[in-house]
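Q: I have a model open here and would like to talk through it with you. Could we go residue by residue and then look at the strands?

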Amino acid sequence: QVQLVESGGGLVQAGGSLRLSCAASGRTFSSYGMGWFRQAPGKEREFVSGISGTGGSTYYADFVKGRFTISRDNAKNTVYLQMNSLKPEDTAVYYCAAATKRSAVIMVVTTLYEYDFWGQGTQVTVSS
């Protein structure tokens, strides 16, 4: 069982920045692919960014490319999402997730159903 706890959400003006953190339990964090998803009211949960277990591979949804950066510190069992140039349409609950499939060590997992564990989410609100 993997427990994930997100933090760092909040209210920010358009153009501002936030850094989300996700702390994971377990001794094999470096073997998990990690992802960030978001869900706005009335919308489906969508993939934002992912990173392989080693940290060597990353992937971003088109709507955040050039603005968001995902990273991880395996020594701290933590994954981060640096969000810059935030827009009102980025407003959502952001979730981190862990994928335990073997290929996630070196490849990014991008599909929701392939993630095995989820955090409780953190609210990000961007005002115009």
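Q: Is Arg67 buried or exposed?
A: Arg67 is buried, at a relative accessible area of 10%, where buried means under 20% relative accessible area, exposed means over 50% and partly exposed is in between, using a 1.4 Å probe and protein chains only. This is a predicted model, in which local features need pLDDT of at least 70 and side-chain atom pairs count only at pLDDT 80 or more, while totals for chains, interfaces and linings use all residues. Residues are numbered from 1 along each chain as its sequence is written, and side-chain values use heavy atoms, with hydrogens and water left out.

Q: Where does Arg67 sit, and which side chain does Arg67 join in a polar contact?
A: Arg67 belongs to the loop between strand S6 (58–60) and S7, with strands being DSSP runs of E, at least two residues long, numbered from the N terminus. Its side chain makes a polar contact of 2.7 Å with the side chain of Asp90; such a contact is a pair of N or O atoms within 3.5 Å, and within protein one must be able to donate a hydrogen and the other to accept it, with residues adjacent in sequence counting only if both atoms are side-chain atoms.

Q: And what else is Arg67 in contact with?
A: Setting aside neighbours within four places in sequence, the contacts of Arg67 include Gln82, Met83, Asn84 and Asp90, contact meaning heavy atoms within 4.5 Å.

Q: OK, strands next: in what order does the open sheet run?
A: The open sheet has four strands in the order S1-S3-S8-S7, with antiparallel pairing, and two strands pair if DSSP finds at least two bridges between them. Strand S1 (4–7) and strand S7 (68–73) are the edge strands, each pairing on one side only.

Q: How many bridges join S7 to S8, and how many pair S3 with S8?
A: S7 is joined to strand S8 (residues 78–83) by six bridges, with Ser71 having Tyr80 as its bridge partner in S8. S3 and S8 also pair antiparallel, over six bridges, and there Ser21 stands opposite Tyr80.

Q: What about S1 and S3?
A: Four bridges pair S1 and S3 in the antiparallel sense, and the partner of Leu4 in S3 is Ala24. S3 itself is mostly covered, as five of its seven residues are buried.

Q: Which cysteines does the disulfide join?
A: The structure holds one disulfide, and this bond joins Cys22 to Cys96 with an S to S distance of 1.9 Å, a disulfide being a pair of cysteine sulfur atoms within 2.5 Å. The pair links distant parts of the chain, with Cys22 in strand S3 and Cys96 in strand S9 (residues 92–99), 74 residues apart. The link of Cys22 and Cys96 is right-handed, with 45° about the S-S bond.

Q: Why does Cys22 count as buried, and why does Cys96?
A: Cys22 counts as buried because its relative accessibility is 0%, and Cys96 counts as buried because its relative accessibility is 0%.

Q: Switching topic, where does Ser31 lie, and what does Ser31 touch?
A: Ser31 is in the loop between strand S3 (18–24) and strand S4 (33–39), and counts as partly exposed at 26% relative accessibility. Not counting residues up to four places away in sequence, Ser31 touches Ala99, Ala104 and Val105, while its side chain reaches the backbone oxygen of Thr28 at 2.6 Å.
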